[in-house]
Amino acid sequence: MRAELRDALLSARATTERLTARLGDAQARAQFDPGFSPLGWHLGHVAWQEERWVLRRCAGERPIDPGLDGIYDSFHSHKGSRGRRLPPLVRIRSYAALVRERLLAFLERTDFEGDLLAGGWVFRFLANHERQHAETMAAALLLGHLQPELEVAPPVAASAGEGWCDFLPVEGGRFSLGCDDDPDGWDNERCAHEVELAPFAIARQPVTNGAFLAFLEAGGYRDDGLWSEAGRRWRDAEGVEAPLHWRRGAGCWERWTLGGWRPVDPSHPVSHLGWHEAEAFARWAGARLPTEAEWERAAGWEQGGRKRRFPWGDGAPAPGVNVALARGDTAPCGSEASPCGAEGMGGNVWEWTASPFLPWPRFEPGPYRGYSAPWFGDRHRVLRGGCWMSDPAMARTTFRNWFEPQVRAFPAGLRLARNR
């Protein structure tokens with residue numbers, strides 16, 4: 001276990017460093033969107049969490065610099081002021097290196113006794129915490145039109161199929177939603193419980209850029225009948241006319257990627273949609289968004305009541321699964337299939353569901369009490385499946401992500417569902 005935990009921590013840090021290797025001090029302080037903290041803040045925050053949870057709480061060490069608490073504690077610092085208060089980038093990097101050196105030394109000598117250390121919980125938590133911040137940093141790099149030290153795969157010639165509107169039947173009945181025994185599971189996944197589902201149908205593939213272009217060119221953004229009242233207010237207030245990172249180029253639509261501007265590829269899944277856009281498209285297509293319970297059943301449940309850990313199986317991602325920055329961008333739709341035959345439910349793009357982010361019955365917060373509980377309610381909608389920026393741990397069939405409906409900075413798209 002010790003070696004496994006060390007590898008997870010080192011792998012998470014390698015991704016962080018890969019994304020930020022080219023940062024200068026001014027870029028580290030810049031805030032590219034009001035909803036995003038500066039990249040330098042994320043670098044310091046993941047290190048501060050390691051100091052707080054392991055060096056202070058487990059090893060009993062004194063704070064390295066008490067003044068950093070007011071900067072890196074996400075619940076006690078304001079996003080708008082973080083860039084001005086950050087130390088120079090070289091000091092952030094040296095602080096992170098010092099904390100990591102001490103943490104790994106403690107990992108080598110710990111006996112794994114105590115609530116935080118049992119089963120290596122605190123180390124798994126910190127590795128997954130950094131993986132999630134790495135995804136946020138990748139999204140911030142897109143917002144800032146920065147290009148990291150990352151190889152972006154060249155465009156692949158592929159035809160846009162009709163998998164996005166090819167519906168597969170999924171049987172209803174009772175099944176267990178959530179998990180209790182996954183070592184990477186968060187508190188909002190715990191308390192697995194039986195739910196009853198009616199039979200439904202789910203699309204074989206996520207909605208493609210080609211399909212979304214048809215919606216756009218048919219006037220979908222201007223058709224009030226496709227939008228909820230809240231969606232219309234958001235669309236009009238923000239002047240939204242296309243997915244985030246799209247623009248009209250010379251003769252075609254283009255999208256900004258970590259490899260620069262590229263023509264919109266009709267075979268890729270549409271991404272950088274907010275929930276309102278996803279809902280409007282589903283209505284235009286004569287379908288709906290799946291609930292998160294439907295999504296989980298389609299993604300993981302095999303005959304006989306066994307649930308896969310990932311849509312592709314229980315082990316490492318298959319070669320066609322687009323996760324962990326492997327391509328540096330979205331890829332053509334279609335990869336390893338889930339038990340019901342739905343393709344690409346793990347990676348490529350997050351998939352919006354119809355469900356608000358609510359606690360499962362008997363929910364109890366984990367040791368990191370601020371992870372889930374403050375965000376429950378109708379203000380957030382659940383996404384499932386991970387994206388090309390995500391570590392595979394976030395593509396698990398039970399992992400729950402959540403954003404407000406207007407958030408478009410992450411590679412999020414949709415998969416259609418219908419009643420049967």
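**Figure 1. Helices α1 and α7 run roughly parallel to each other.** In this predicted model, local features need pLDDT of at least 70, side-chain atom pairs count only at pLDDT 80 or more, and totals for chains, interfaces and linings use all residues. Residues are numbered from 1 along each chain as its sequence is written, and side-chain values use heavy atoms, with hydrogens and water left out. The axes of α1 (residues 2-20) and α7 (residues 121-143) come within 9 Å and cross at roughly 15°. Axes are lines fitted to C-alpha atoms, for helices over the stretch in contact, with angles from 0 to 180 degrees between N-to-C directions; angles under 35 degrees count as roughly parallel, over 145 as roughly antiparallel, 65 to 115 as roughly perpendicular and the rest as oblique. Helices (H or I, at least four residues) and strands (E, at least two) are DSSP runs, numbered from the N terminus. The crossing of α1 past α7 is left-handed, a term for a near helix turned anticlockwise from the far one by less than a right angle. Residues of α1 in the contact include Leu-5, Ala-8, Leu-9 and Ala-12, and those of α7 include Phe-123, Leu-126, Ala-127 and Met-137; contact means heavy atoms within 4.5 Å. By class, this contact of α1 with α7 has 12 nonpolar, 3 polar and 5 charged residues. Here Ala, Val, Leu, Ile, Met, Phe, Trp, Tyr, Cys and Pro count as nonpolar, Asp, Glu, Lys and Arg as charged, and the others, Gly among them, as polar.

**Figure 2. Helix α1 also packs against helix α6 (residues 89-109).** The angle between α1 and α6 is about 170°, and their axes are 10 Å apart. The two helices are therefore roughly antiparallel. Among the contacting residues are Arg-2, Leu-5, Arg-6 and Leu-9 of α1, together with Arg-93, Ala-96, Arg-100 and Leu-103 of α6. The contact of α1 with α6 divides into 7 nonpolar, 1 polar and 7 charged residues.

**Figure 3. Helix α11 (residues 292-300) is largely enclosed by the rest of the structure.** Of its 9 residues, 9 are buried; buried means under 20% relative accessible area, exposed over 50%, and partly exposed in between (1.4 Å probe, protein chains only). Trp-295, Glu-296 and Arg-297 are among the buried residues of α11. Their cover includes strands β1 (167-170), β2, β3, β4 (200-203), β8 and β9.

**Figure 4. Thr-257 lies in strand β6 (residues 253-257).** Thr-257 is buried, with a relative accessible area of 2%. A polar atom of the Thr-257 side chain lies 2.9 Å from the backbone nitrogen of Gly-259, and the side chain of Thr-257 reaches the backbone oxygen of Gly-260 at 2.8 Å. Leaving aside neighbours within four places in sequence, Thr-257 contacts Leu-142, Arg-262 and Asp-329.

Figure 5. Cys-191 is in the loop between β2 (173-177) and β3 (193-197) and is buried, at 15% relative accessible area. Arg-362 is in the loop between β8 (350-357) and β9 (377-384) and is exposed, at 56% relative accessibility.

**Figure 6. Trp-284 lies in helix α10 (residues 275-284).** Trp-284 is partly exposed, with a relative accessible area of 33%. Leaving aside neighbours within four places in sequence, Trp-284 contacts Ala-211, Ala-214, Phe-215, Ala-218 and Leu-226.

Note on methods:
A polar contact is a pair of N or O atoms within 3.5 Å; within protein, one must be able to donate a hydrogen and the other to accept it, and residues adjacent in sequence count only if both atoms are side-chain atoms.
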